[in-house]
Amino acid sequence: MLTITGYPDRIYARPGDTIRFMVSCESEITYRADLVRIICGDDNPDGPGYKEEELQSDINADYQGRKQHIHAGSYVSVSDARPLRALDSFTVQAFIWPTTPLKGKQALISKWDAASNSGFALIIDETGSLAIDIGGNGAIERVSVGAPLQLKRWYRVGAAYDAASGTVRIFQIPMLAVPDIADGGTKEQRLGVRMGSNRAALLFAAMPGDKPSGLDFYYNGKIDGPVITSRALGEGDCEALIGQTPQRLAFDIVGRWDFSKRMDSQIACDLSVNRLDGKVVNFPTRAMTGWNWTGEIMNYNEDPSQWGAIHFHDDDVYDAGWESDFAFTVPAELKSGIYAARLRGGGDEEHVWFTVGPAPDEESEIALLLPIASYMAYGNDRLGMDGGGAELLNDILNVINPHEIFLNDHVEYGGSLYDAHSDGSGICYSSRLRPLVNMRPKRQGTLGGFGGSKLWQFAADTHITDWLEAKNFKYDVLTDDELHDRGYQILAPYKVLITGTHPEYWSTEMWDAFDAFRQRGGRIMYLGGDGWYWRIAYHPEFPGIVELRRTESGVRAWPAAPGEYYQSFDRRQGGLWSRLGRAPHGLVGVGFAAQGFDISSYYKRLPDSYKPEAQFVFEDVDDEKIGDFGLIGGGAAGLEVDRSGGELGTPPNALILAKSENHTNTYLMVPEEFLETAPGLGAEEHVNARADMVFFTMPNNGAVFSVGSISWAGSLSHNGYQNNVSQITENVLNRFLDSSPFTAD
Ligand SMILES: [Fe+2]
């Protein structure tokens with residue numbers, strides 16, 4: 001179990017920037033913080049060993065730790081206002097599509113004060129039926145329709161309360177009635193209690209309760225088009241509120257929220273004259289198909305009014321919002337690298353890491369680009385605990401690590417883009433403003449392959465920093481987060497750009513900036529696998545959160561629903577880059593071909609590798625077999641592997657230097673590589689389930705070298721860094737640092 005968890009407010013910094021550190025301790029311990037530079041995050045005794053450098057800093061001190069909470073659960077909050085407070089009689093109505101109707105009490109629309117038990121709360125009750133609680137004078141009365149809502153079906157629900165007569169009418173109307181399923185009804189009841197007014201906020205999808213947030217009863221499912229009027233309407237008028245407000249009801253409207261407006265914001269727009277805009281909290285999913293989606297159009301930009309739903313989840317989380325314990329301002333003389341506040345206490349150790357880029361005009365010739373978006377995608381993945389098929393996927397016994405047990409006990413830390421919400425829908429937003437407890441040095445992952453390292457993403461990428469240090473290369477550490485924010489200008493000073501081991505998730509802006517480097521004479525070493533696979537979007541306004549729609553095809557942990565393929569953050573269609581007209585093969589020569597997570601294999605040289613123009617790659621390499629050793633699964637070709645293919649866009653000038661072979665049948669082709677299911681999709685039978693090593697030149701003296709394998713970097717340190725993987729990497733890096741043109745000499 002973990003005792004200390006933390007996160008920084010920013011993931012990359014430059015000299016002069018200040019980073020704040022948010023820390024929570026499970027108990028009230030004192031912890032020690034020290035600034036360290038992370039060099040090798042792998043503590044496998046079979047490898048070079050864990051390496052970090054302790055540095056002098058004014059943050060180095062003891063701190064009193066305390067528990068800080070994360071308040072998961074999404075909702076909309078409309079601040080109290082006179083028109084809401086003045087409500088005496090009212091009608092409330094919305095369309096809902098519940099995903100866990102039998103979960104227990106869930107709030108749909110509430111204006112409830114828990115201290116005085118006054119107000120109203122339209123809820124799904126413990127029986128799964130629509131109900132309303134009316135409170136006043138310390139008493140609460142509930143009226144329930146008494147008919148359980150069905151899962152994932154649209155209903156028009158609401159309540160009309162008439163203060164004068166003291167009656168309430170509630171209704172639950174299925175939009176598509178089904179014979180023999182009693183999931184609708186209306187109930188009218190005279191109440192003994194008279195609703196008391198309060199100053200509480202109007203909430204959608206939550207209401208006041210006993211959780212540390214002060215709220216509870218978070219709702220799972222969609223809400224579309226909530227509306228409130230200032231008098232009790234009959235059924236005819238309620239029905240008339242669908243769509244355009246009729247003139248006769250126009251002045252009864254207190255609030256009419258249209259979630260199809262400003263879907264890239266965290267604002268719930270009220271179209272009424274009162275302008276009671278709400279605040280959307282914890283990033284529930286927007287741009288979701290509404291009750292009126294026809295299925296005739298798939299792109300919400302064509303008619304947003306069919307995407308008026310927000311899908312709320314009781315485990316949505318964006319910014320943990322913790323108080324900071326200390327801050328660090330990057331001094332001018334600090335060299336670029338991966339740094340961390342190392343926190344020790346209570347028998348635990350936590351690294352709250354960040355990168356430091358160089359000061360202006362102080363750039364090295366080499367940049368290592370860490371794929372933060374991909375770290376966020378995998379951040380807090382629960383594959384080992386919840387994935388179910390992890391052992392089958394890996395064909396090795398699953399090891400459950402302490403951080404995975406911790407996550408299992410702390411739903412509120414949120415999941416990854418590989419996990420599902422508690423209602424089974426896929427998580428499509430991931431934030432780094434919470435501790436991502438698996439993206440840490442030393443921490444092993446479910447997907448890291450057989451052997452003692454088992455590293456994935458962040459920790460695996462430190463095999464590259466370790467090698468660069470061992471070989472005395474001077475390099476800078478950049479992040480794709482900054483690339484998204486600032487564009488090509490941050491790459492322009494460099495001769496060579498080295499990727500991480502698994503740069504899978506790219507925003508359009510990141511892709512364009514990377515491609516600009518490639519087109520303008522930059523030299524690229526893609527030392528990973530399954531890169532440039534999914535398009536993502538960053539939020540235009542809120543930092544540290546990315547969006548993914550797992551559309552149509554690809555290796556998918558969950559499927560985006562029909563009509564929900566367009567990203568809410570940037571209005572673009574999401575999904576596989578190869579389905580969006582930009583295959584990675586065209587960018588770096590190779591693209592995702594197969595995956596397996598048991599034993600990594602090796603490459604064998606191909607005839608192209610003996611051509612004069614490729615000679616520099618294999619200088620001092622006598623072996624035919626490349627990388628039949630390594631810390632990640634035991635070989636340089638493994639986990640997720642990429643192949644070349646002219647039919648997929650590999651440039652015709654690419655040299656295919658080597659290809660991997662002898663993978664186990666745990667390695668299966670990615671689904672977009674085949675059209676029909678048939679035997680022979682495993683690597684033992686299918687020639688396309690392989691990694692290719694390619695080299696090609698670009699205009700303006702640029703070049704690309706790709707290995708197409710996640711496990712490549714895990715082989716660099718073998719035999720004291722003296723091995724053919726290390727030699728090839730060094731040969732290419734040295735040649736790429738040499739600005740002379742590539743000729744076949
Ligand atoms: Fe991946």
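Helix α9 covers residues 508-519, and its 12 residues reach 16 Å from the first C-alpha to the last, close to the 16 Å expected at 1.5 Å a residue. That expected span is 1.5 Å times one less than the number of residues in the helix. Helices (H or I, at least four residues) and strands (E, at least two) are DSSP runs, numbered from the N terminus. The structure is a predicted model, in which local features need pLDDT of at least 70 and side-chain atom pairs count only at pLDDT 80 or more, while totals for chains, interfaces and linings use all residues. Residues are numbered from 1 along each chain as its sequence is written, and side-chain values use heavy atoms, with hydrogens and water left out.

Helix α9 is largely enclosed by the rest of the structure, because 9 of its 12 residues are buried. Here buried means under 20% relative accessible area, exposed means over 50%, and partly exposed lies in between (1.4 Å probe, protein chains only). The buried residues of α9 include Trp511, Phe514 and Phe517, along with Asp515 and Arg518. Just after the helix, glycine 521 takes a positive phi of about 95 degrees.

Strand β34 (residues 534-538) is mostly covered as well, with 5 of its 5 residues buried. In a regular strand the side chains alternate between the two faces of the sheet. In β34, Trp534, Ile536 and Tyr538 point one way, and Arg535 and Ala537 point the other way. Two strands are taken to pair if DSSP finds at least two bridges between them. Strand β32 (residues 505-507) pairs with β34 in the parallel sense over 3 bridges, and serine 507 stands opposite isoleucine 536. The pairing of β34 with β36 is antiparallel, over 2 bridges, with arginine 535 opposite glycine 575. Strand β35 also pairs with β34 in the antiparallel sense over 2 bridges, and tyrosine 538 stands opposite valine 546 there. The hairpin of β34 and β35 has 6 residues between the strands, and in this hairpin glycine 544 takes a positive phi near 70 degrees.

Another part of the fold is an open sheet of 9 strands with mixed pairing, in the order β30-β28-β31-β33-β44-β43-β41-β38-β39. Strands β30 (475-479) and β39 (625-626) stand at the edges with a single partner strand each, so one side of each is left without a neighbour in the sheet. Within this topic, β41 (residues 655-661) and β43 (residues 692-698) pair in the antiparallel sense over 4 bridges. Leucine 655 has phenylalanine 695 in β43 as its bridge partner.

In soluble globular proteins, nonpolar side chains tend to be buried together. A nonpolar core is defined as a set of buried Ala, Val, Leu, Ile, Met, Phe, Trp, Tyr and Cys residues joined through side-chain atoms within 4.5 Å. The largest such core has 116 residues, and Phe705 and Trp712 have the most contacts inside it. Domain 1 and domain 3 both give residues to this core, so it lies between them. Apart from this core lies another of 51 residues, among them Phe120, Ile124, Leu202 and Leu276. With contact meaning heavy atoms within 4.5 Å, the residues that phenylalanine 705 touches include Ile524, Tyr526, Leu657, Phe695 and Phe736, not counting residues up to four places away in sequence.

Charged pairs complete the picture. A search of the whole structure finds 45 salt bridges, each being a side-chain nitrogen of Lys or Arg within 4 Å of a carboxyl oxygen of Asp or Glu. Glutamate 482 forms one with arginine 14, the closest N and O atoms being 3.0 Å apart. This pair links distant parts of the chain, 468 residues apart, with glutamate 482 in helix α8 (residues 480-486) and arginine 14 in the loop between β2 (12-13) and β3 (18-25). Both glutamate 482 and arginine 14 are buried. Lysine 495 forms a salt bridge with glutamate 365, with 3.1 Å between the closest N and O atoms. Lysine 495 counts as partly exposed at 28% relative accessibility, and glutamate 365 is partly exposed at 38%.

Note on methods
Domain bounds come from an automatic or database domain assignment.
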